Every structure is written in structure tokens, then in C-alpha cells.
Amino acid sequence: MQRKKIYNPESQESVNERRIFGGDPTGLFELNNIKYQWAYNLWDMMLNNTWFPKEVDMTADVRDYKQLTDAEKRAYDKALSQLIFMDSLQTNNLIDNVNPYITSPEINLILVRQAFEEALHAQSYAVMVDSISSNSDEIYDMWRQDMQLKNKNDNIAKVYEGLAGNPTDQEIVKAMFANQILEGIYFYSGFTFFYTLARSGKMLGSAQMIRFIQRDEVTHLLLFQNMINATKKERPELFTPELIEEVHEMFDRAVELEIAWGQYITEGQILGLTNDIIEDYIKYLADKRLHAVGLEKRYHKEHPIKWVDNFSSFNDQKTNFFEGNVTNYSKGSLNFDDF
């Protein structure tokens with residue numbers, strides 16, 4: 001597997017001959033003729049979703065953070081540190097590891113946009129850290145000092161390093177699944193802690209920032225799920241029983257890591273997030289992601305905290321959930337029928 005050429009005038013590839021990867025693109029973005037309409041729909045949605053961290057008022061969180069219990073402060077700092085790592089990793093991973101091998105120009109556009117959004121999320125976390133925490137250095141160094149966090153980060157990064165060191169067709173497909181897991185399990189789980197605090201009236205600005213971030217992550221998740229499903233149609237021979245077994249192992253390991261992490265940071269002391277709820281929620285998310293790419297569910301758990309879905313969503317909301325002020329959130333509402 002070779003990186004695509006950034007300029008390839010010898011290419012005679014037609015629109016219908018385009019491929020997710022393994023194609024022969026010219027290097028030009030001929031966007032009047034596209035093959036993957038779902039990709040262009042996502043591009044439009046991402047543009048409509050444009051936002052900036054300064055739009056979120058963190059003033060009240062400064063006071064709220066001081067009034068959190070010690071357990072809540074520890075969990076807040078650890079959850080924030082984990083999100084900082086994942087968005088930092090993803091920003092570089094998309095540009096350095098994934099996009100160089102993707103040969104559809106409409107998908108190249110989205111990956112570049114996604115990398116921008118991941119960088120924006122990193123800035124958002126910096127705003128959260130600077131606004132509320134007196135130990136910002138500790139939060140940014142936690143990935144070195146906290147062995148539970150380091151173990152989780154090492155396992156996440158290891159999957160991406162496989163593509164960097166061995167860029168084969170199979171490794172690219174596995175990288176797509178790894179991205180689906182990152183966007184659809186790790187991030188979703190991490191966000192839930194902030195929503196749980198906000199549900200009890202605490203750290204509402206932080207939860208609002210996370211809502212903006214999660215709205216972006218929904219499009220990122222849709223991107224990789226559609227890439228997987230399109231690749232299954234284009235290259236069905238890659239989806240061997242051996243590959244599917246590896247994918248199942250990736251999901252099992254992710255579920256194991258995320259359950260252990262969620263239970264570790266909450267320590268059974270966060271109202272609304274018991275150990276059983278954390279375990280059931282992670283397994284529910286994993287089944288949902290597997291089903292979205294045509295694979296069988298493995299855990300068969302019901303959604304244990306359904307309130308999270310409405311709490312985190314901008315769709316069809318005419319008021320700001322946290323402040324009760326009239327706000328127009330019509331831009332960027334998700335219509336899954338387009339995908």
C-alpha cells in the first residue's frame with residue numbers, strides 16, 4: 001500500500017472508479033462530480049456545525065468546581081485528561097496515518113475538516129482547564145503519572161501504530177474500526193461523566209462545551225461507519241473471518257478498558273454512575289457500533305441511561321437545556337436518513 005500522490009496528472013480515473021482507498025486520484029478536488037454523496041452531505045453538515053470555544057460561558061463553572069466533592073474533582077480532572085489525550089492523538093492520526101491512504105477526494109475533505117475539529121476540541125479542553133482548575137499542569141501531566149490512564153492510552157495508540165508501521169489494505173480497514181471505536185465508545189463514555197454532573201446542576205458550562213464537541217463527534221462516527229460499509233461493498237474479500245475476529249477482539253478489549261477506566265475514575269462515588277451502569281452503557285455502545293457496520297451484537301445490553309441521549313443532543317431544541325434561554329440550534333441538526 002502506497003501513499004497517494006498529491007499530484008497525479010497521468011491518472012485517468014473516472015468518478016465511478018473512485019475507491020475509499022487503493023484508487024488512483026489525480027489530486028484535484030473535482031467536487032461537481034462525486035461518488036460518495038453521503039460524504040458530501042457530511043461535509044455540509046460539518047460546515048454548518050462550525051463553533052468556537054469562546055461561545056461557551058464558563059464563568060459559573062469556576063464557582064461550581066470549588067464546590068465539587070473531592071471524588072467529583074478527581075473524576076473531572078481524570079476525564080478531562082483522557083479527552084485531551086484522545087483528541088491530541090486523533091488530530092495527528094487523521095493527518096499522518098489515515099488521510100494519506102484515502103483516495104476519494106470528497107472523503108479527503110472530511111478528514112481534513114475532522115482534524116481541524118479535533119484540534120478545536122483540544123483548545124476547548126484547554127479553556128476548560130484554564131477556567132476551572134488550579135492544577136492545570138497536573139491534568140496535562142496525568143497521562144504520564146496515572147498508570148491506569150497510561151495503560152489505556154498505550155492500548156489505544158497501539159492500534160494506530162499498526163497502520164503507521166504496516167500500511168496494508170487490512171491495516172487500513174482495521175484503522176477504520178479503531179476510529180469507530182474511538183469516536184463511538186471512548187469519547188461517548190467520557191462525555192457521559194460531564195452530563196451526569198450537569199444533570200445535578202453542576203458544571204453546566206463544561207457540559208455545554210462537551211455538547212458542542214459531541215455534535216462534532218457524531219459526524220466523525222458517521223464518517224468511519226460509512227467508510228467501513230462502503231469498503232465492504234468495494235472490497236468484500238478483505239472482510240475475512242480472520243479480520244472479523246480481530247475486529248471483535250478490538251471491541252472486546254475496548255469494552256474492557258473503558259469499563260475499567262469509568263469505574264476507576266468514578267470510584268462508586270458519582271451519583272447516577274454506578275459500576276453496573278457504566279458496564280452496561282459501554283456494552284450497549286459497543287453493540288450499537290457493531291450493528292451499524294453489519295456485525296452481530298455481542299453483549300445484548302439495554303441502554304441504562306437513556307436520558308443522556310436527549311441531554312446531549314441539539315436536535316429539535318428551541319431552548320438552551322442548561323440556561324433556559326431562547327437559542328436557535330437548528331444549524332447542524334442531524335438527519336440520519338442522509339447517510
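This is a predicted model: local features need pLDDT of at least 70, side-chain atom pairs count only at pLDDT 80 or more; totals for chains, interfaces and linings use all residues.
Q: OK, back to α10. How far does α10 reach from its first C-alpha to its last?
A: α10 (residues 275-292) reaches 26 Å with its 18 residues, close to the 26 Å expected at 1.5 Å a residue. The expected span is 1.5 Å times one less than the number of residues.

Q: Which residues of α10 are buried?
A: I278, Y281, I282, K283, Y284, L285, A286, D287, R289 and L290. Buried means under 20% relative accessible area, exposed means over 50%, and partly exposed is in between, using a 1.4 Å probe and protein chains only.

Q: And what do the buried residues of α10 pack against?
A: They pack against α7 (169-199), α8 (204-234), α9 and α11 (307-312).

Q: α9 next. How do its end C-alpha atoms compare with the span it should have?
A: They agree: α9 (residues 241-266) has 26 residues that should span 38 Å at 1.5 Å a residue, and its end C-alpha atoms are 37 Å apart.

Q: What follows α9?
A: E267, whose phi is positive, near 55°. E267 isn't a glycine, and it sits in the loop between α9 and α10.

Q: What about M203, what's its phi?
A: Phi of M203 is near 55°, again positive in a residue other than glycine. M203 is in the loop between α7 and α8, and with a relative accessible area of 1% it's buried.

Q: Switching to the whole fold. How many helices and strands are there?
A: Eleven helices and zero strands. The radius of gyration is 20 Å, close to the 20 Å from the globule rule for 339 residues, so the protein is as compact as a globular protein of that length. That radius is taken over C-alpha atoms, and the rule is 2.2 Å times the number of residues to the power 0.38.

Q: What box do the C-alpha atoms fill?
A: Roughly 65 × 45 × 35 Å along the principal axes. Buried residues make up 55% of the 339 residues.

Q: How much of the contact set joins residues at least 24 apart?
A: 77%, among contacts between residues at least 6 apart in sequence. Contact means heavy atoms within 4.5 Å.

Q: And charges: how many positive and negative side chains?
A: 35 positive and 51 negative, with the centres of the two sets 2 Å apart. Lys and Arg count as positive, Asp and Glu as negative, and His and the chain ends aren't counted. Each charge is placed at NZ of Lys, CZ of Arg, CG of Asp or CD of Glu.

Q: Now some single residues. Where is S124?
A: In helix α4. S124 is buried, with a relative accessible area of 0%, and beyond residues up to four places away in sequence it touches W51, P53, M209 and I213.

Q: Where does N99 lie?
A: In the loop between α3 (70-98) and α4 (105-132). N99 has 13% relative accessibility, so it counts as buried.

Q: What does N99 touch?
A: K4, L94, N108, L111 and V112, leaving out residues up to four places away in sequence.

Note on methods: Residues are numbered from 1 along each chain as its sequence is written. Side-chain values use heavy atoms; hydrogens and water are left out. Helices (H or I, at least four residues) and strands (E, at least two) are DSSP runs, numbered from the N terminus.
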